[in-house]
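Okay, everyone, let's get going.

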Amino acid sequence: MEPTNTEAPEYFHKVVDCQWACPAHTPVPEYIRLIAAGRYSDAYMVNWKSNVFPGILGRTCDRPCEPACRRGRVEEEPVAICRLKRVAADNKDDITARLPKAPERKNGFRVACVGAGPASLAVARDLAPLGYHVTVFDGDPKGGGMIRTQIPRFRLPEEVIDEEVGYITGLGLDMKYGQRIESLKALLAEPYDAIFVGSGAPRGRDLDVPGREEARANIHIGIDWLSNVSFGHIEKIGKRVIVLGGGNTAMDCCRTSRRLGGEDVKVIVRSGYDEMKASPWEKEDAQHEGIPILNFLAPKAFTYEGTNGSTRLTGVVFQKMGWTTDDKGKRRLLPTGEPDQHFECDDVLVAIGQENAFPWIERDVGLEFDEWDMPKVDPVTLQSTNPKVFFGGDAAFGPKNIIWAVAHGHDAAISIDRFCRGQDVGLRPPPNVLQSSQKMGIHEWSYDNDISNDERHRVPLLEKDKALSSIKFEVELGFDKGLGYAETQRCLNCDVQTVFSTPACIECDACVDICPMDCITFTANGEESDLRTRLKAPAENETQDLYVSGTLPTGRVMVKDEDVCLHCGLCAERCPTGAWDMQKFLLDMTHAGEKACGR
Amino acid sequence: MTYIAKPRLHHPELPKNALGFTRRDYEGRVSTLCAGCGHDSISASIVQACFELDLQPHRLAKLSGIGCSSKTPDYFLSHSHGFNTVHGRMPSVLTGANLANRDLIYLGVSGDGDSASIGLGQFAHSIRRGVNMAYIVENNGVYGLTKGQFSATSDKGSKSKKGVVNTDSAIDMVMLALQLGATYVARSFSGDKAQLVPLIKGAIAHRGPAFIDCISPCIAFNNHAGSTKSFDYVREHNEAVNRLDYITGRAPIHAAYEPGETIEVTQHDGSVLKLRKVAADYDPRDRIAAMAFLQERDAAGEIVTGLLHVDPDSHDLHDHLGTVSAPLNRLPDDALVPGSAALEKINGALR
Ligand SMILES: Cc1cc2nc3c(=O)[nH]c(=O)nc-3n(C[C@H](O)[C@H](O)[C@H](O)COP(=O)(O)OP(=O)(O)OC[C@H]3O[C@@H](n4cnc5c(N)ncnc54)[C@H](O)[C@@H]3O)c2cc1C
Ligand SMILES: Cc1ncc(C[n+]2csc(CCOP(=O)(O)OP(=O)(O)O)c2C)c(N)n1
Ligand code: SF4
Ligand code: SF4
Ligand code: SF4
Ligand SMILES: [Mg+2]
């Protein structure tokens, strides 16, 4: 293998698994260390810069960082990265003075955002401080999009939404609530330099089976029902509720039902438990609240009683499903032929998926749609085929989550800024990188390299009976400072990189001997696939890179498998020549209008 | 010195031996030696060897004298017995322990100063008496712990870090061991674990005095140009006569070699030492030839490494003395202390 080029920022960025996995590339270990130091406001601001909604995300993020976390590979469970974010948000001081301000003098460009969800708000947050005049339209009476309309209050209190949405609207945005955009053509005719579409994926999929029409009074589309609950239009549901679907919306529907009078609430899913789309923790939370999840049952018909105009839902008939392997060896979910099953209920919530819908976009405004009736959007620039119109969040590529919406918002803001200034939208600014040795003395490092043996700490919960008594009570109490500190100590500081200097190494083997994880090998060079089998511990995780040195005096090379390195720095402590150094690699994404170097 | 504890976490794929232990279970505390010291690599090799031998840690006793090398038993096998004796006295304490409890495995760890200077006599007698032990000298040519004075194994003409030339003749511990009747004699280099680990395994399994002279650069006081115990010098002058595969009685033998390329030596416990020849005519079973060969190569400036001598038909001190077969701590009181009548009888026989 060629010597590893650690100058390219991707190399060390990839080693910081959590930051690499985070769509907005939040510098996770950096904020975790700030929390450990009790610097909650600083930790909050690191987050706010990257992901815009630390208090909201600290309670609701889909946390792609956690399955990626290295701790999960060296021990049972990842660091509770998401809930640590909340520790920063809960314990920070008043940070309003640290927020950017919109300049008095505008830059003359006008941008319209359709929708006031996280995607649009991220765009506005990046552009307003640069002097853009940003107008945000939303058909709803308040900002936040599905953060406000869909995520139930027991997971996310309204004050947190008000606070963090407020930080952005406070940047002097022109908020047009209660104004649905009915025509893109009309909007294009107005004097805007660019338009951002952050209108989400607003349509809940319906279930068209016999009885649907007749029993309609007691059959609700999950996301419509949830938003009616959020806005206080619905306050009650029947005692026996069936929720159809296995995603996160289904989990929110069933848990909300339990708080609105549902006593016998069931989730019934077509597929198996493991194939359900809901995150494992969402399923656990639902089960913890006494909600059974029944699998391998496909809804076949709604049953009802009464006739003409006075019909009432009585239940749902299900067909039994099971996995079979077809002639081509493909696994398929098919009816098993067992007798159907009938479940009685008073209400049904249909949460079987979400779709995009753009009835307000005319098909003759230079904006092309693809075969699935989705706008054609460039995945990097988020520009549509109408160069003035950009997309982001759920509207761009279908339903995802908040953190993706934010990441799209940052990228779209860069594009819009470049577009307005007449620059090439395809040229993207490189990230900001700061790399510095952490060595302070022979055995002193400016980061805490002692590895905690603690297992993942659980977030304390509100007592169950109390939690179920009102939709307003937040279920999770959050880590207190002490628990938060203990959890921070589980972080391995993956951004403190092991940096090797070929000319300094005397091949004494001290690093090999001390490394607790068998990361380091000195061996003859070879092709990657061959090297991976010849290391002190076989390097089977191919998603993790091998760090290869130049040729050493004995003709061998140093090969380090990044996979399970604890970043404990023992290699650097035991190296007599300083050939290993521990260097903090701080990568910050460059947002719209920022210079790529210097911070 | 490293102040943090070595993390308990280990590689998820770390293999387990027949006892269900990983290699990490054979480790000790974090070393306090200078970073880069060759002795640490020897400790790592001992750990590896004991792991591969499926050794029960409580079955082993590690004994040492004084010196950086003699400190190392703290850095491996935390769950074994240990005795850090006074300077140069490890061989006698080990002999005594072995006489009292012949059931343990004895590992003597010493330095060139500890064994070739103050402890030379002790070393010599433990070998010639045939004590059943694996005796490792971590040889760096200096008194590391006392800041780098030449030791008795330092080559004549080699230079100290300050540039002083050594005018005394060197003691070659391998030659001494051969002469004194060690039945397993090897030399190796701390920087070559592939060679060292099987040699340690063979030595532990050997019955009788097994001696390993392991050259181990002192990073702080003897790793400069002009030293003959530096990493660079040893790498340049190292001539291996053979490569050892240690094969326990149970494990199948997989490596296949051309006939005539290997020598197999079966030890008393059924384990097989399979030696791949590097030097064509070298037969380690022939002690006299080995000594002649070593003298010749030494004169040519080579550092000869490998398994230099092994006597498959070895014996130990207990065989010579005809001692009781049970360790003393397992004898019943009346056997151990037969009383004054028995003493009278013995005394009577001597009158
Ligand atoms: C029940 C449920 C629970 C969820 N829970 C989580 C969670 O815990 N964590 C997570 O990360 N994600 C969650 N999500 C997903 C998340 O809410 C969305 O991915 C995210 O809000 C998308 O952001 P967005 O800005 O693209 O659009 P949205 O948040 O959907 O916002 C779009 C906004 O545009 C407005 N709008 C639409 N069309 C127009 C128009 N023509 N004119 C004016 N305004 C318009 C809408 O009123 C809406 O306010 C959940 C989704 C659902 C349905
Ligand atoms: C009776 C006695 N004399 C002298 C000393 C001082 N002393 C301590 S260690 C040492 C030499 C150790 O040399 P070596 O065995 O080669 O160990 P190294 O440190 O080189 O590994 C000496 C002379 C002592 N501790 N005790
Ligand atoms: S251990 Fe810390 S730095 Fe490493 S991946 Fe996990 S959270 Fe990120
Ligand atoms: S920091 Fe160094 S010693 Fe620690 S696990 Fe990583 S490679 Fe091994
Ligand atoms: S400890 Fe330092 S000098 Fe020794 S092998 Fe490792 S990197 Fe090279
Ligand atoms: Mg010495």
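When I say contact, I mean heavy atoms within 4.5 Å. Before the details, some housekeeping: this is a predicted model, where local features need pLDDT of at least 70, side-chain atom pairs count only at pLDDT 80 or more, and totals for chains, interfaces and linings use all residues. Residues are numbered from 1 along each chain as its sequence is written, chains are lettered from A and ligands numbered from 1 in written order, and side-chain values use heavy atoms, with hydrogens and water left out.

Helices (H or I, at least four residues) and strands (E, at least two) are DSSP runs, numbered from the N terminus. Axes are lines fitted to C-alpha atoms, for helices over the stretch in contact, with angles from 0 to 180 degrees between N-to-C directions.

So, chain B. Which residues of H5(B) meet H6(B)? They're Leu120(B), Phe123(B), Ala124(B), Ile127(B) and Arg128(B), and they meet Met173(B), Leu176(B), Ala177(B) and Leu180(B) on the H6(B) side. By class that's 8 nonpolar, no polar and 1 charged (nonpolar is Ala, Val, Leu, Ile, Met, Phe, Trp, Tyr, Cys and Pro; charged is Asp, Glu, Lys and Arg; the others, Gly among them, are polar). The axes of H5(B), residues 120–128, and H6(B), residues 173–180, come within 8 Å and cross at roughly 40 degrees. That makes the pair oblique (under 35 degrees is roughly parallel, over 145 roughly antiparallel, 65 to 115 roughly perpendicular, and the rest oblique).

Staying in chain B, there's the magnesium ion, ligand 6. Its donors are Asp112(B) through OD, Asn140(B) through OD1 and Val142(B) through O, at 2.0 to 2.2 Å. Donors are N, O and S atoms within 2.8 Å of the metal (3.2 Å for Na, K and Ca), and water is not among the atoms, so sites may look incomplete. Asp112(B) sits in helix H4 of chain B and Val142(B) in strand E5 of chain B, so the pair ties together parts 30 residues apart in sequence. Asp112(B) is buried at 2% relative accessibility, and Val142(B) is buried at 4% (buried is under 20% relative accessible area, exposed over 50%, partly exposed in between, with a 1.4 Å probe and protein chains only).

Over to chain A. H3(A), residues 28–36, packs on H4(A) at about 165 degrees, axes 7 Å apart, which makes them roughly antiparallel. H4(A), residues 40–51, also packs with H17(A), residues 402–420, at about 70 degrees, with axes 9 Å apart; those two are therefore roughly perpendicular.
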